Amino acid sequence: MPDDAITHLGDDLYSYWERYRVCFRTRTHDTSTYAYTYLRGQLTLEDARNYANIDRRLNGGDGQGLQQFMSDSPWRSQAVFEQICADIRAQPLLVAGGVLILDESADAKAGDHSAGAGRQYNGRLGKLDLCQVATCLVYAHPVTGVWTMVDGELFLPVVWFTRAYAALRREVGLPTDRTFASKPQLGLMMIRRVRAQGLPFERIACDDLYGRSQAFRAALDADGLRYAAEVPANTSVYLKPPVVGVPRRRQPSGRAPTRLKVLSQRQPHPVGRLAYSQRTHWQRVTVRQAERGALEADFA
């Protein structure tokens with residue numbers, strides 16, 4: 001890169017930290033310098049970007065203060081996300097065209113003594129593995145190229161709320177009021193949270209882990225939100241809206257029906273079958289340039 005392209009990067013990083021340093025202050029302590037050190041380490045070190053090596057290379061320390069800041073310091077992560085949302089709202093070019101992407105990020109673990117660690121699906125490796133999984137909400141603006149994480153929640157497998165894990169919950173410092181929530185439930189909570197903060201976005205995109213959840217889709221629909229969600233090929237859909245209502249009681253005795261059901265005779269179709277229908281017209285679209293060339297996909 002030419003010199004003029006990197007001359008101001010250090011000043012830009014410092015200005016960025018200055019805007020966010022208030023998020024790392026408490027009533028009694030200002031630990032924001034550790035945030036600056038951590039950012040510098042993540043952006044400048046080629047490898048071994050752990051607490052000890054970052055602190056040793058940048059400050060000549062042993063990493064204990066940096067680890068304390070990241071693991072135990074009581075600064076609010078939500079305050080950081082709120083500031084990110086405020087920065088997006090302040091940019092006129094980002095008022096329209098934004099998309100929220102809901103997905104997970106997994107980190108492999110050597111043992112189960114990290115919060116939420118367990119044998120679960122690791123999307124980065126494509127297999128079941130001992131790992132932590134975070135449910136992440138990302139903001140992307142295709143026109144400007146802006147991409148940033150705007151919220152995140154650690155997923156805790158249901159086993160973490162059993163009696164056998166009570167001591168481990170205390171050991172890792174999980175809040176006592178934390179209860180089990182599925183990934184779609186966490187995703188819906190985050191979407192509603194950033195919407196309440198006034199984050200501008202036009203639609204939500206997610207894979208079939210969320211798309212197969214009828215409750216998740218229904219909640220987005222009830223909130224008036226547009227979404228593009230992947231669904232399994234055997235998902236049944238109607239080509240035209242069916243008549244839905246509570247069936248009439250057929251027997252004079254017994255409990256009266258209360259649940260909504262499809263009342264019309266129209267039959268649903270598996271989406272996999274519709275994909276191969278002669279009436280479905282596909283076209284190849286270049287999504288973006290990737291490391292191996294153009295990333296293309298078929299759309300109907």
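P252 is exposed, with a relative accessible area of 74%. Exposed here means over 50% relative accessible area, buried under 20%, and partly exposed in between (1.4 Å probe, protein chains only). The residue sits in the loop between β8 (244–245) and β9 (261–262). P252 and P242 are 10 residues apart in sequence, and their C-alpha atoms lie 27 Å apart in space. The model is predicted: local features need pLDDT of at least 70, side-chain atom pairs count only at pLDDT 80 or more, and totals for chains, interfaces and linings use all residues. Residues are numbered from 1 along each chain as its sequence is written, and side-chain values use heavy atoms, with hydrogens and water left out.

The chain contains 11 helices and 12 strands. These are DSSP runs numbered from the N terminus (helices H or I, at least four residues; strands E, at least two). The C-alpha trace spans about 80 × 55 × 35 Å along its principal axes. Of the 300 residues, 29% count as buried. Among contacts with a separation of 6 or more, 53% come from residues 24 or more positions apart. A contact means heavy atoms within 4.5 Å. The accessible surface comes to about 20400 Å², and carbon and sulfur atoms hold 51% of it. Areas come from the Shrake-Rupley method with a 1.4 Å probe; for residues, only the protein chains shown count as cover. The chain has 39 positive and 31 negative charges, whose mean positions are 14 Å apart. Lys and Arg count as positive and Asp and Glu as negative, while His and the chain ends are not counted. Each charge is placed at NZ of Lys, CZ of Arg, CG of Asp or CD of Glu.

Helix α2 (residues 9–20) has 12 residues and reaches 17 Å from its first C-alpha to its last, close to the 16 Å expected at 1.5 Å a residue. The expected span is 1.5 Å times one less than the number of residues. L13, W17 and Y20 are the buried residues of α2. Seen down the axis of α2, these buried residues fall within an arc of 65°, so they line one face of the helix. The arc is that of the directions from the helix axis to the C-beta atoms. Their cover includes α3 (32–44) and α6 (77–89). Helix α6 has 13 residues and reaches 19 Å between its first and last C-alpha, close to the expected 18 Å. Its buried residues are Q78, A79, V80, F81, I84, C85, D87 and I88. The cover over them includes α2, β3 (127–141), β4 (146–155) and α8 (183–196).

Three further sites follow. C206 lies in strand β5 (residues 203–206). It counts as buried because its relative accessibility is 9%. C206 and L102 are 104 residues apart in sequence, yet 5.1 Å apart in space, C-alpha to C-alpha. Leaving aside neighbours within four places in sequence, C206 contacts L102, G211, F216, A228, A229 and E230.

T235 is found in the loop between β6 (227–229) and β7 (236–237). T235 is buried, with a relative accessible area of 18%. Not counting residues up to four places away in sequence, T235 touches H269, P270 and V271. T235 and V271 are 36 residues apart in sequence and 5.9 Å apart in space, C-alpha to C-alpha.

A48 lies in the loop between α3 and α4 (51–59). Its phi is near 50°, a positive value in a residue other than glycine. At 41% relative accessibility, A48 counts as partly exposed.
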